[in-house]
Every structure is written in structure tokens, then in C-alpha cells.
Amino acid sequence: YSGDYRLAALALASKQIYANQVEGCVAEAGVYQGDFAKYLNVLFPERKLYLFDTFCGFEPTQVDDKMDNLEQTEQWINRLKDTTIDIVLEKMQYKEQVIIKKGLFPNSGKNINEKFAFVNLDMDIYKPTYEGLLYFWEKMSKGGYMFIHDFDNWDGIRAAVIQFCEKKETSYVCLIDRRTVCIAK
């Protein structure tokens with residue numbers, strides 16, 4: 001992981017989760033082709049891995065005209081359609097642990113009564129990111145971590161994190177990759 005700071009941070013977080021015996025599943029919302037999820041699968045081999053995605057790109061109704069940078073979003077919104085569940089599953093070493101939740105988030109998370117030790121949010125736009133923060137915060141085990149990717153890339157992500165932290169009276173830490181922030185419970 002020496003060349004990828006986000007993966008190095010994930011490896012350190014997983015060590016802390018095991019050292020502190022933090023209980024719970026792991027999850028990623030915004031999976032795309034599974035390049036980050038495969039490391040979640042390897043670093044947490046005995047834990048359920050929930051993968052939330054539409055597996056067909058963004059739904060335009062999710063874009064928030066006030067929070068998301070529309071110029072950025074219009075350029076990006078059609079780029080994430082080149083994925084399938086099969087592409088993602090092919091990258092998983094422990095496929096039996098993977099639970100695919102296809103659909104729009106947070107609807108795709110209904111009826112999940114699990115605790116989570118680690119969650120990665122990589123949804124690129126404000127609304128699902130903010131909803132993901134609220135959804136997973138209530139399900140996070142004490143000592144768990146949430147990574148939120150693209151904090152410094154997308155206006156909506158920054159707005160979602162700041163609004164969430166103010167609401168929950170918590171804070172975030174910027175990771176060295178200059179794109180990701182971490183919130184610990």
C-alpha cells in the first residue's frame with residue numbers, strides 16, 4: 001500500500017478495528033468497478049461486506065442544484081456506467097462474504113439491521129453522501145471508521161461532510177491522499 005495513501009490509511013484503520021475488537025460488518029456505498037471494495041474484502045475476510053451501488057451510474061434526480069457543482073456533475077454523471085455486478089464480484093477474494101445492494105441509496109439499505117465497523121462512502125454527489133453519513137452513523141460501532149472520498153474534489157461532498165459534522169457535533173480528519181476524510185465514532 002506504500003504508493004496509495006488511501007489504501008495505507010485503510011490498512012491502518014483495519015489494524016485498529018481488530019486491535020480494539022470493534023464489532024460489525026464493513027460496507028462501501030459508491031462501488032463503481034470494485035477497485036477499493038476488493039481491499040475491504042481482503043482486509044476484513046471474515047466480515048460481511050455490503051456493497052451499495054446502482055451499478056449503472058448516477059440517477060440525475062439525485063443531483064442537488066444548490067450543493068453539487070453542476071458543471072463538474074454534468075461532465076461526470078455519464079462516466080460511471082461502465083460497471084456491472086459481475087465486474088465487481090470478479091475482484092473479490094472472499095465472494096461468500098459479499099452482499100450486493102443494487103439500487104438508489106438509501107432505499108437500497110432498508111431492512112439492514114447490522115452494526116458496521118468500517119464504511120467507505122464514494123458517491124460523488126451531495127444527497128446520497130449526506131444520507132449515507134446519517135444512515136451509517138446510527139449503525140456504526142463505537143471505535144468504527146467512515147472514510148468519505150472526494151472531499152476536496154466535489155463541492156457536494158464537502159458540503160455534506162461539514163453539514164453532517166455540525167449536526168452530529170463531531171469532526172473529520174483529512175487523510176494524506178488529499179481527497180479523503182475520516183470520521184471516527
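View 1. D35 has 40% relative accessibility and so counts as partly exposed. Buried means under 20% relative accessible area, exposed over 50%, and partly exposed in between (1.4 Å probe, protein chains only). This is a predicted model: local features need pLDDT of at least 70, side-chain atom pairs count only at pLDDT 80 or more, and totals for chains, interfaces and linings use all residues. Residues are numbered from 1 along each chain as its sequence is written, and side-chain values use heavy atoms, with hydrogens and water left out. D35 forms a salt bridge with K91, with 2.6 Å between the closest N and O atoms. The two residues are 56 apart: D35 sits in the loop between strand 1 (25-29) and helix 2 (37-43), K91 in the loop between helix 4 (85-90) and strand 3 (98-102). Helices (H or I, at least four residues) and strands (E, at least two) are DSSP runs, numbered from the N terminus. K91 is partly exposed, at 28%.

**View 2. The E46 and R47 salt bridge.** A salt bridge puts a side-chain nitrogen of Lys or Arg within 4 Å of a carboxyl oxygen of Asp or Glu. Here the N to O distance is 3.3 Å. E46 is partly exposed at 47% relative accessibility. R47 is buried, at 12%.

**View 3. The E138 and K168 salt bridge.** These side chains meet at 3.0 Å, N to O. E138 lies in the loop between helix 5 (126-137) and strand 5 (140-148), and K168 in helix 6 (residues 155-168), so the pair ties together parts 30 residues apart in sequence. E138 is partly exposed at 48%, and K168 is partly exposed at 29%. The salt-bridge count comes to five.
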